[in-house]
Amino acid sequence: MEFLTALSIGALFGIGIFQVLRRNLIRSAIGLILLTNAVNLFLLSAGAYDGFVPAYVNAPPGTASDALPQALILTAIVISMGATAFMFAVMIVISGRYRTSDADQVNGLRQ
Amino acid sequence: MNPSQLVLLPILIPLTGGVVALLLRSRPRLQRFWSLGAMTGALAGSLALFAEVWERGAPVVCQVGGWPAPFGIALVGDGLSALFVVMTFIVMVTGVIYAMGSRDVVVRYPAFHPLFLSLAAGLAGAILTGDLFTMYVFAELLVISGTMLTAASDDPFGVEAAYKYYYMSLTASFFMLLAIGCLYAAYGTLNMADLARRIAADPSQPLLLPAVGLLTAVFMIKSAVFPFHFWQPDFHSAAPTAVSAMLSSVVVKFGVYGFFRMTTLLFVVHAPTIRSLLLVLGAAGILFGGLSAAGTRNLKRMLAYSTIAQVGFILVGIGWGTRMALAAAVVFAVNHSMIKAAMLMLAGAVVSRAPVKSAAYNVIDGIGRPIFGAKLLFFLGGMGLAGIPPTNGFIGKMLLFRSGAAEDRFGMLVIIGAAGTLTLVYTMRAFQRVFWTPASEEGLAKPVGDRLLAPALLIGLVVLLGLWAEPLVRCAGDAAQWMTTPMVYVQAVLGG
């Protein structure tokens, strides 16, 4: 299980970074979403293998899992969801105004 | 009220104020005055916290929800954070005053004032929190409100600038989460005081070094330090004036605050490495920002590039890392916030009178000539930015020079001396073009524009703090003394 988690975190990071470096704005935004999920999985693995019984139930001492990483991920997911929604909203305005999703052509400020 | 709960005021007042302002959206006049009242209340709250911290002579800690420190969230007001929060709200109050007298379309949107208040709440929260994850959440609040305010700008390129900044900030917050994960995996805590104690006890964890590197990158993006600066001039010059004055003065100070905490509290073990990096990048930023500011043909962009240079000065102070240099960096940071906010407001006041809404020199040449008040204020502000007495810019620069001379860092002193002269060159060139030469086409300028009350207040404070600098210098000295003895912070938070 640990090996599988490590593999999927690595794969998500790799694909995410590849997508972030693309020139298309939408693809790079998707890359950022993948990266956020990779980080969430990483946070989970930071505390997931301490114990296998859910926290806050009547578990014998020392077997309950760490609840904090899960709380952190919950917050991070909500924040990244809002952030992604807002990012795509800004992108709609940009693609309407510039008629393109190519990052090289969104350059009104450079001129 | 329990005096330790004073830490809550600078966060809660703007946050509730923003919510109530949202309810007042159909009554714009009432909403504006409510927003001003809420921001002034937050300033009063932060001043009360400041007074309490200095009266007690120890950090004021609020354990939220009554959970003791390593388990609950601690909000900490120590010398550094109390001073930074007071600075934030002084500038933010003038920002609201400027917005009330501004002719931008943006400030009449019903969401403007709620977003402005949540920007203030995010900044105050990020500075006052004693927990890394809470800092991440507040930083995200700060980023989202700042981006929205910019995307709604009158400037046609506001959306583009906002997207660039937003993308960079999301990358930065992704790095921050990664660093948080590394630190939690290695030390099992996210409370800054607890982390400081555990890292000092066992600095050999393999995940510590990645966390240090990632957090350095995060704060560099937030404060637009030299290699991470590229989005900053676009963003800060495209935002509405009332907002860009906040972004380029107090919001970049969040990154600076992060460096203060990193080198003096969290990663004292790795501090020499971080400090030498800050020295190199600070010097590069001073030169690059100064030269770019001298080369650009746009008033607002010039001021935004100048921020890169001025943040470089602060980083050099943090990089020297002695008690005197840290105090100098704190004084410099406080002074720069006021001067830069006032200068951007004056630039905005001139631009609002221009025939076309643009801050390019060839549009606003000579527009400021008939406005005597703006001319005088811009001259004083320019002297402050360049560090000429009787303004407080001189005090900051003098302290920085003295702390460098005490350490025999003469090579760096030559660089920052030369860059200081460059500051004089570009501010006085801007003054000459905008306020001195006759306009190329007379009569095109609009007769009315943004009011000058807010920059006048700030410049008044700039001159006052230049003539009577002793209280600020003493507070900064105390803050630096607390910073160099991190045990004070750790004991205040964890007790015992």
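Me: What puts the "domain: NADH:quinone oxidoreductase/Mrp antiporter transmembrane" at residues 130–417 of chain B?
Reply: UniProt does, in an unreviewed entry. UniProt positions follow the numbering used here, feature names are shortened, and annotations may be inferred rather than shown by experiment. Over residues 130–417 of chain B the model is 78% helix and 0% strand, and the end C-alpha atoms are 36 Å apart. Helices here are DSSP runs of H or I with at least four residues, strands are E runs of at least two, and both are numbered from the N terminus. Mind that this is a predicted model: local features need pLDDT of at least 70, side-chain atom pairs count only at pLDDT 80 or more, and totals for chains, interfaces and linings use all residues. Residues are numbered from 1 along each chain as its sequence is written, chains are lettered from A and ligands numbered from 1 in the order written, and side-chain values use heavy atoms, leaving out hydrogens and water.

Me: How do you know that the length of helix α4 (residues 112–128) of chain B agrees with what a helix should span?
Reply: The expected span is 1.5 Å times one less than the number of residues. For the 17 residues of α4(B) that gives 24 Å, and the end C-alpha atoms are 24 Å apart, so the two agree.

Me: What makes α4(B) mostly covered?
Reply: Buried means under 20% relative accessible area (exposed is over 50%, partly exposed in between; 1.4 Å probe, protein chains only). In α4(B), 17 of 17 residues are buried.

Me: And why is α11(B) called largely enclosed?
Reply: Because 14 of its 14 residues are buried. Helix α11 (residues 253–266) of chain B reaches 18 Å from first C-alpha to last, close to the 20 Å expected.

Me: What about α3(A) and α6(B)?
Reply: The axes of helix α3 (residues 68–98) of chain A and helix α6 (residues 158–187) of chain B come within 10 Å and cross at roughly 165°. Therefore α3(A) and α6(B) are roughly antiparallel.

Terms used: Axes fitted to C-alpha atoms, helices over the stretch in contact; angles between N-to-C directions. Parallel < 35°, antiparallel > 145°, perpendicular 65-115°, else oblique.
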